[in-house]
Every structure is written in C-alpha cells, then in structure tokens.
Amino acid sequence: MSLATILWVDDEIESLQSQKMFLENKGYDVKTLTNGFDAIEFVKENAVDVVLLDESMPGITGLETLAQIKEVNQQIPIVLITKNETENLMDEAIGSQISDYLIKPVNPNQVLLSLKKILDNKRLVAEKTTSSYQQQFRNLFMALNSNPDYNEWMDIYKKLTYWELEMAKSDSPEMQEVFQTQKAEANTEFFKFISKNYASWVNPKNTDAPVMSHSLMQYKVLPHVEKGTPTFFVLLDNLRFDQWKAIQPIFAESFRILEEESFYSILPTATQYARNAIFSGLLPIDIEKQFPNYWKNDEDEGGKNMHEEDFIRAQLKRLKKDNIRFSYTKIVNNHAGQELVNNIHNLLVNDLNVIVYNFVDMLSHARTEMEVLKELAGDEMSYRSVTRSWFEHSPLHQALKKIADKKINLVLATDHGSVRVKTPYRVVGDKQTTANLRYKHGRNLHYETREVLAFKDPKEGGLPTPSVNSSYIFAKEDGFLCYPNNYNYYVNYYRNTFQHGGISLEEMIVPVIKMTSK
C-alpha cells in the first residue's frame, strides 16, 4: 500500500522520470500529467494527497491551475515548482494558499522533504512529542517530590501547561492518559502545599509570600506606569494559564510580549474575593474592616463587585500614587464592548487605564447553565478553542488593535482560573450555607476533613467572618461540594463543568503578562 498519491504536473515530465522513480521507491504512488487542464479534470475524478505543480506550462499557467484545483477541492496541498524567483510571483502563490514553494532545478531530496512536511507532519510531531514527554516525565516527577516552594510550583504548572498543549497536538490517547495522571498527582501535592502554607502567606507579619491578588497591582502593574506612556491594565476575568497560551499568538501579532509570569489567586478563587482584593490591594478581611459599606458576603443581596473603581482610587492613595491619572471601564456585555472600541482613543490621555472584561466568566458560568456550551466546551481543549475563537472576534481584540500602533504598555492578568470538576464530595450545612460548588462558608458544616481545606477561624485565611461560628471550606483537586438532598441530580448536572473557588493549580496559579507596542 502506498504512503500517498502524488499528482505531478509538468509539461517536461519526461525529464523527471528519475525523480518519479525515486519517490516510488520511497513508497509514494506518483501520477504524472503534462498540462493544467488534465490536472483539473484528474482531481475532479480521483483522490489525490498532494499536487506538485509546475508554474510555467503552455495553455494554462500553474497559478491558474492552482486556483481551479482549489475550487474543486480547497483542502488539497499544492507545491508550486518554478524557475521564476520573482517576489511578486512568490507573494501571489503564497496568497493562493500553496503548501510549499520549490525553485527549479529541484533535487529529489528537496521534493521528499516537502512531501514529508505536508503529509507526515502530524505523525512526526506526535511521535517526537511523545518521546520528549517521556524524557520530561521523570524530571517533573522528581520536581513534584522534592518539596517545591511557591516559585517552583509556578514553574511546574507552566511546564505541565506546556505539555498539555503539546499533547493536544499528538494523537496518542495512551500518552494523554499518562499526562492526565501526572497532572492529577501534581494537584494532589499542590493541595497539600497550599494547606500547609496558605495561612502563613496571608499573615500580615509574613515577609516571604508570593505575589497574590492583593499585591498584584503594587508589584506587577504600578511599576510599569510612567508619565507620557499610557498603561492599559486589562483584567480578563476567569482566565487560566492554558487559555492565555491559546490567545497569546493573537496578542503577539500586535504587541511585543516582554514578561510572561504568574501569580497566586487568593482563596476563595472567586470573582468577588479575588477581584476586590486586586483592586483594593487588601485581603477580604481588611476590605470589610476599611470599607464596611462596600463589602458584601456571599449571601448578601446585590452585586459583589460594584466598587472596584473606588478600591483602585483608595489603593493609589494608600501607595502615595494618587497623582496617577486613571480610568476604569467594565465590560459585561457586547454593547459595552462596542463602546470600548469607539472610545479607546480617548483613554490615551490617562497614565493608567483599567479595563475589566467579564467574558470568560460569562462563558464558564453559562457553560454550566447552557447545554450548547456544555457541547462547545466539554473539555480543556475545546474550552481553549472557544476562548481563542471568542477573543479573536471580540470587541476587546478590536479595541486593542486600534491602539497597537501607539506607544503604550499593556498588562494582562486575571482574577482566578477554573477547574473541570469530576469528584463529588458530600457536605451538610444549615440554611445559611452558601451555594458555591468549590467553597462554602456557614455554621455547622459537616464534611470529610481530608476532602477540603477548612478554616474554622476565617481570620486565619484573611477572610471576614460573616456570622458567629462561620467557617470556610475549600474543595481540593477536581472535587465539587454537593448537599445530600437531590445528590445524584446535582452530581450529574455539574460533573465535568468548569468551576472556581477552590484549590487547584488551574484556579490559583494564573497569568500576568507584560506587553508593549511593537
């Protein structure tokens, strides 16, 4: 059985017989024709894997043939072979979506390499990925078991994300399974690490803690603010590190990426806590103390993120940076997005422009509610793909492209990530217990201690105490917290949905990216 069927079209095909034999010896089935008209008819009637096409033939040129073959079958890879090295021919050929371009005289190995690139690319990449990961697997395993600190954990998660994206290119279900097992093991260890260290990180006396939500602006945004160059701080809600990697190439078209870092979201890894902490520069316990009118607990009525602009102003004042001229824009729907596109130029007069974009949050919440989105984003790979597709066509992308030619700094970050939940944990609580799936607070909570991290005293976790004897619990790894009543219904409804609020690499280690205009 041949490797593939090649159609070679050249009016001097007789002189290429040795090349034809060379390819046949390599296992390819090579059909030959001498003009474009016959080639177009042949492609209509026969299955062809690649067309090798001479550019200058009598009757109908290679480029004209190319256009008509693409009309018959858009997917056929075409390699244009030409004596002509002029740039405008190359431009036209590339514009016509050729797969490769060879200059005559071609030697047999050149043609073979081109065919391998086109036909075997996927298989060769998959094989290389699998063998590289097998070598890395041991290093990752050793890193996990050598008591990593918070910087090493960020590095481990970055590597795991890299391999997750590489594995998505390979078609090896076995290796993907090995990888998923390793990632699950990493999350198990990470949960132990957070359980041991989190309380000390949020202790006001501690001087050795990672950059977290409440210190993000101070250390990762404000140092980039300079007079005369506007800084845009875009907070894309609920963006995991792998989703950032999915949209990175789109940013890279317009901006130069200077630093690709991560920081730790506070607990609960939920918008109301993490985002208010980012903008106020305070832990939730201190927000409640200093802004009792602004802080709302989970069960309080009304919006929980209504005072972000006031928090930014107060943080700038506290850091003695209240001479910074700033704007705050929040995008919660498409209409607001279009307004941003129209107004973005007006923001260039400010030193700092904070833009909060809620879309990814809408997507992940909607994903639980809407069956369509369950179909669209059923796993991590499709979730990345939906994120990329959304961003590419989003008002945010349009708005940023409009200012990409101006001298600006851009910092992109998020408030927390999300994790696909699979393992239900039973929790019993009274009427006042909150409804979240990845964390809960209330009085009289009953749970399995090994399934959660519990703060009996919320102050230990830097959290306000909603009522006397309230405690907080956070789900670990891929767990979600369910009440015993209607248990099976909720388990089936929420299993395999993306949730946030708990402790996992995906929710807690999140991107902060520094870019500048090219």
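## Helix on sheet

Helix α2 (residues 36–45) lies across β1 and β2 and runs at about 160 degrees to β1. Lying across implies contact, meaning heavy atoms within 4.5 Å. Axes are lines fitted to C-alpha atoms, for helices over the stretch in contact, and angles run from 0 to 180 degrees between N-to-C directions. Helices (H or I, at least four residues) and strands (E, at least two) are DSSP runs, numbered from the N terminus.

The model is predicted: local features need pLDDT of at least 70, side-chain atom pairs count only at pLDDT 80 or more, and totals for chains, interfaces and linings use all residues. Residues are numbered from 1 along each chain as its sequence is written, and side-chain values use heavy atoms, with hydrogens and water left out.

## The parallel sheet

β1 and β2 belong to an open sheet of 5 strands, ordered β2-β1-β3-β4-β5, with parallel pairing. β2 (29–33) and β5 (100–103) stand at the edges with a single partner strand each, so one side of each has no neighbour in the sheet. From one strand to the next, the twist averages 20 degrees.

Strand β1 (residues 5–9) pairs with β2 in the parallel sense over 5 bridges. Pairing requires that DSSP finds at least two bridges between two strands. Ile-6 stands opposite Val-30 in β2.

## Aromatic pairs

The count of aromatic pairs comes to 34. Rings of Phe, Tyr and Trp (its six-membered ring) pair if their centres lie within 6.5 Å; planes under 30 degrees apart count as stacked, over 60 as edge-to-face and the rest as tilted.

Phe-251 and Phe-391 are stacked, because their ring centres are 4.8 Å apart and their planes are at 15 degrees. Phe-251 lies in helix α9 (residues 241–254) and Phe-391 in helix α16 (residues 380–392), so the pair ties together parts that are 140 residues apart in sequence.

## Backbone in the loops

The peptide bond from Lys-104 to Pro-105 is cis, with omega near -10 degrees. Pro-105 is in the loop between β5 and α5 (108–144). Another cis bond joins Leu-267 and Pro-268, with omega about -10 degrees. Pro-268 is in the loop between β7 and α10 (271–280).

Asn-147 has a positive phi, near 55 degrees, though the residue is not glycine. Asn-147 lies in the loop between α5 and α6 (150–169).
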